[in-house]
Amino acid sequence: MATATTKLLLGDLVSHAKNVPLRYVRPPSARPHLSAVEKSNAMIPVVDLQELSGSGRAMVVKAIGSACQSDGFFQVKNHGIPDDVIGAMLRVSKEFFRLPESERLKSYSDDPSRTTRLSTSFNVRTEEVCNWRDFLRFHCYPLKDYVHEWPSNPSVFREVVGDYCKHARQLALRLLEAISESLGLEKDYMEKALGKQAQHMAINYYPPCPQPELTYGLPSHKDPNAITLLLQDGVSGLQVFRNGKWVAVDPIRNALVINIGDQIQVLSNDRYKSVLHRAVVNDSSERISIPTFYCPSPDAVIAPAQALVDEQYPAVYRSFTYGEYYDAFWNRGLQRESCLDMFRATNDPI
């Protein structure tokens, strides 16, 4: 059992804290400057997926393509994941982080290679300043290969999370089809480019923070995977960098936030951009966010789609395996905002 002075998880360390511990305090130049954040949520596109499988598909595909090109971030409604599945996912996530410390720590590991692990911050082995976050991260595709590793407490955890995972994967594949079509590619192009595919999820827990202006839940970064589907509870915290300003993406009930990851940026040959985003914290409410990271399999070879490469638009990136990219991402951590520059066609291999 961890003692009071060796608490492994942030939620246990700061449950009654009145000040942010020094190892979480960012230098003044690297703080979130919360007063400068644009509060309007109207700037982030909202795409209604109701007609994605109907007669209005072309219009929805066009809207998705426009959002990918102009923002890299958008929210979706009428996405097909039932409200009761979403509600159960949020409930069981909160229940997990309210379990006794000894029960939660059964899943603890600071090894990023573990396929199911509870940890804190981002990568405690490499980072110098910690982030105001605990998280449970786990692989979930193929589901049968990983579900036995997941926590068995709460008792319904595996059933509820497994159900949500299956729905999230179906939605990710529908979105990848639409993204492929919006680029003028065959609709199965993105799915095939991801090889055997992989799906990871995280349940992020951000405790209330006594001095939120001093730290981050997660600092500015881009996602290394193909596409991310984010489920938020009712507490704001996600912010997107848009037109030189940070914009709050406030939750819309039962909607999901979609963002383009680095691999779609490569496959689209920079037509669509992976976008900087961050998580900030507050002094009054805990926050839960649940990202689904849809990824290539580690052995998938990623490169710009040949149909999007010509004399006017030469290949921006060299080919690489996703395993190579993912290792670079974790080794670099969040000290740099993206790994993409390491894989440009003009650079030497890392």
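How far apart do the end C-alpha atoms of residues 197-296 lie, and how much of the span is helix and how much strand? The end C-alpha atoms of residues 197-296 lie 5 Å apart, and the span is 6% helix and 45% strand, where helices (H or I, at least four residues) and strands (E, at least two) are DSSP runs numbered from the N terminus.

This is a predicted model, in which local features need pLDDT of at least 70 and side-chain atom pairs count only at pLDDT 80 or more, while totals for chains, interfaces and linings use all residues. Residues are numbered from 1 along each chain as its sequence is written, and side-chain values use heavy atoms, with hydrogens and water left out.

**View 1. The annotated span, residues 197-296.** An unreviewed UniProt entry lists these residues as "domain: Fe2OG dioxygenase"; UniProt positions follow the numbering used here, feature names are shortened, and annotations may be inferred rather than shown by experiment.

**View 2. The surroundings of Ser-109.** Ser-109 is found in the loop that runs between helix 4 (101-104) and strand 3 (116-120). Ser-109 counts as buried because its relative accessibility is 7%, buried meaning under 20% relative accessible area, exposed over 50% and partly exposed in between (1.4 Å probe, protein chains only). Its side chain reaches the backbone nitrogen of Asp-111 at 3.0 Å. Apart from neighbours within four places in sequence, Ser-109 is in contact (heavy atoms within 4.5 Å) with Arg-114, Arg-117, Leu-118 and Ser-119.

**View 3. Aromatic pairs, among them Tyr-24 with Trp-132.** The structure holds 14 aromatic pairs, a pair being rings of Phe, Tyr and Trp (its six-membered ring) whose centres lie within 6.5 Å, with planes under 30 degrees apart counted as stacked, over 60 as edge-to-face and the rest as tilted. The rings of Tyr-24 and Trp-132 have centres 5.4 Å apart and planes at 75°, so this pair is edge-to-face. The pair links distant parts of the chain, 108 residues apart, with Tyr-24 in the loop between helix 1 (10-13) and strand 1 (46-48) and Trp-132 in the loop between strand 3 and strand 4 (134-141). Tyr-24 is buried, with a relative accessible area of 3%, and Trp-132 also counts as buried, at 0% relative accessibility.

**View 4. Trp-150 and Phe-157 within an aromatic cluster.** Both Trp-150 and Phe-157 are buried, and the two belong to one aromatic cluster together with Phe-96, Phe-97, Phe-138 and Tyr-205.

Conventions. A polar contact is a pair of N or O atoms within 3.5 Å; within protein, one must be able to donate a hydrogen and the other to accept it, and residues adjacent in sequence count only if both atoms are side-chain atoms.
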